[in-house]
Amino acid sequence: MQVINPPIKLLIVDDLTENLTALDAILRAPDRLILQAKSGLDALELLLSNDFALAIIDVEMPEMNGFQLAELMRGTEKTRHIPIVFVTAAGNELNYAFKGYGAGAVDFLYKPLDINAVKSKANVFVELYRHRIAFEQQVVALEASRREQDFLLAQLQNTQEELEHSLKMREEFMSLVAHEMRTPLNTLFLELQVRQVQLAKDNLTAFTPEKLHTMLGRGERQLKSMLRLIEDMLDVSRIQNGKLSIRPAKTHLSALISRIAEDLTPLAGESGTTFKLDIEANVYGYWDEFRIEQIIINLMTNAIRYGCGKPVRVLMKQENDEAIISVTDQGIGIAQHEQDKIFEAFERGTGSEVKAGLGLGLYISKKLAEAHAGQLSVISQKNLGSTFTLRLPINSEVPA
Ligand SMILES: Nc1ncnc2c1ncn2[C@@H]1O[C@H](COP(=O)(O)OP(=O)(O)OP(=O)(O)O)[C@@H](O)[C@H]1O
Ligand SMILES: [Mg+2]
């Protein structure tokens with residue numbers, strides 16, 4: 001990157017215009033800007049509003065002489081470090097010593113001015129100034145790159161923490177899945193073995209229609225729960241790969257919710273839960289019915305699982321262009337600090353006696369709601385219960 005530097009400023013102070021003109025002519029160069037002052041006061045004004053590489057000051061001036069001006073310059077932070085070259089008559093006894101001599105670069109030029117001496121002195125100070133500016137720019141650049149490094153380091157640490165967290169979650173998840181699959185598979189396997197022994201012994205009383213019915217029902221439930229688990233895992237990987245697709249069609253939401261409640265009534269009954277439904281009739285929208293069903297089933301099975309056997313209220317109404325579905329239980333509730341986390345993949349509640357599932361249901365449900373341009377949120381109080389609310393825009397047309 002090419003840095004375009006502003007011109008370097010030099011200040012010349014003399015009460016005589018012809019001296020100023022002469023100095024100006026000697027010092028002039030394309031990358032320099034020479035500013036002139038005819039008195040100490042004029043000079044101070046310029047000094048306060050400009051940044052100079054050098055001030056060349058005539059010593060003998062009326063009102064404020066060169067040394068007095070220099071003393072004022074040394075007393076002010078902004079001008080303290082500006083190098084000064086005094087111009088004085090040759091052979092002049094410098095009987096008034098400049099008090100601020102020790103405070104910065106000071107040099108002398110004698111009249112009549114030797115053009116080469118003026119030029120070379122000015123060049124030295126201009127070079128010094130240039131180096132100082134370059135150095136300051138390097139310090140600024142260095143500081144910026146240090147800050148950038150700190151930022152990148154923090155990002156790296158964050159990523160590492162996230163990675164470690166997700167690895168840990170994955171490990172826990174794997175052992176959980178293995179466990180969740182092994183239990184029903186073991187039961188099925190055991191059942192099959194028992195039946196085989198009974199068959200081998202020609203014990204046909206074990207195969208009455210009633211017993212077969214129970215056996216098949218149990219097997220089907222176990223297979224279904226394993227299939228659901230696999231479907232959930234596939235959904236998570238679809239979501240994470242951006243491959244979740246929604247196929248909207250006209251959906252009769254009122255009928256859908258009533259049917260789901262009916263389907264889940266036996267499961268609710270097992271934990272002593274009943275449903276209280278308040279469903280507005282004839283609410284329609286354009287959604288992927290299968291996916292909406294999945295969300296509502298997740299919310300309702302959670303309400304059964306974490307609802308302590310108390311009644312679960314399911315409300316659905318249309319408000320303007322939205323369908324609002326809420327599922328309220330009076331169960332274990334969710335602590336404030338966990339209310340965001342439960343919508344993340346593999347996050348399961350802690351500190352409760354109730355056996356949680358794999359922690360996928362709400363993550364999938366939230367993503368499905370968002371894929372419909374809807375929202376899923378929770379309001380809950382520990383030990384008092386939870387309300388999960390799903391808001392879905394009523395699309396009047398199927399999106400392309
Ligand atoms: N109605 C609720 N009341 C109290 N806690 C809940 C409720 N619904 C969800 N949670 C908490 O949120 C966690 C995440 O819920 P989510 O449905 O995602 O997973 P899960 O029920 O544990 O397992 P999965 O749904 O995958 O079988 C649960 O483990 C539970 O701790
Ligand atoms: Mg769940």
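**View 1. Helix α5 passes helix α7 in a left-handed crossing.** A crossing counts as left-handed if the near helix is turned anticlockwise from the far one by less than a right angle, and as right-handed if clockwise. Welcome to this predicted model, in which local features need pLDDT of at least 70, side-chain atom pairs count only at pLDDT 80 or more, and totals for chains, interfaces and linings use all residues. Residues are numbered from 1 along each chain as its sequence is written, chains are lettered from A and ligands numbered from 1 in the order in which they are written, and side-chain values use heavy atoms, with hydrogens and water left out. Helices (H or I, at least four residues) and strands (E, at least two) are DSSP runs, numbered from the N terminus. The axes of α5 (residues 209-240) and α7 come within 14 Å and cross at roughly 115 degrees. Axes here are lines fitted to C-alpha atoms, for helices over the stretch in contact, and angles run from 0 to 180 degrees between N-to-C directions. On the α5 side R228, D232, D235 and R238 meet R291, Q294 and N298 of α7, contact meaning heavy atoms within 4.5 Å. By class, this contact has no nonpolar, 2 polar and 5 charged residues. Ala, Val, Leu, Ile, Met, Phe, Trp, Tyr, Cys and Pro count as nonpolar, Asp, Glu, Lys and Arg as charged, and the others, Gly among them, as polar.

**View 2. Helix α7 also passes α8 in a left-handed crossing.** Here α7 (residues 289-305) and α8 (residues 361-371) pack at an angle of about 145 degrees, their axes 9 Å apart. From α7 come R291, Q294, I295, N298, L299 and N302, and they meet G361, L362, I364, S365, L368 and A369 in α8. The residues of this contact divide into 6 nonpolar, 5 polar and 1 charged.

**View 3. Five strands form an open sheet in the order β2-β1-β3-β4-β5, with parallel pairing.** The edge strands, β2 (32-37) and β5 (106-111), each pair on one side only. Two strands pair if DSSP finds at least two bridges between them. From one strand to the next, the twist averages 20 degrees. Helix α2 (residues 40-49) packs on the sheet and touches β1, β2 and β3 (52-58), its direction making about 145 degrees with that of β2. Look next for helix α3 (residues 66-74), which lies across β1, β3, β4 (84-89) and β5 and runs at about 170 degrees to β4. Strand β1 (residues 8-13) pairs with β2 in the parallel sense over 6 bridges, and K9 stands opposite L33 in β2.

**View 4. Strand β9 pairs with β7 in the parallel sense and runs antiparallel to β10.** There are 5 bridges between β7 (residues 275-279) and β9 (residues 312-319), where D278 has L315 as its bridge partner. Another 7 bridges join β9 to β10 (residues 322-329), with Q318 partnered by A323. The hairpin of β9 and β10 has 2 residues between the strands, and N320 takes a positive phi near 55 degrees.

**View 5. The second largest pocket holds about 290 Å³ of space.** Its lining includes K9, D31, Y129, R130 and Q137. Helix α4 gives the most to this lining, with 5 residues. By class, the lining has 6 nonpolar, 2 polar and 4 charged residues. On a 1 Å grid over the protein atoms alone, a pocket is an open set of points where a 1.4 Å probe fits, with protein on both sides within 12 Å along at least five of seven lines, and lining residues have an atom within 4 Å of a point. Grid points are joined across faces, edges and corners, and a volume is the space filled by probe spheres set on the points.
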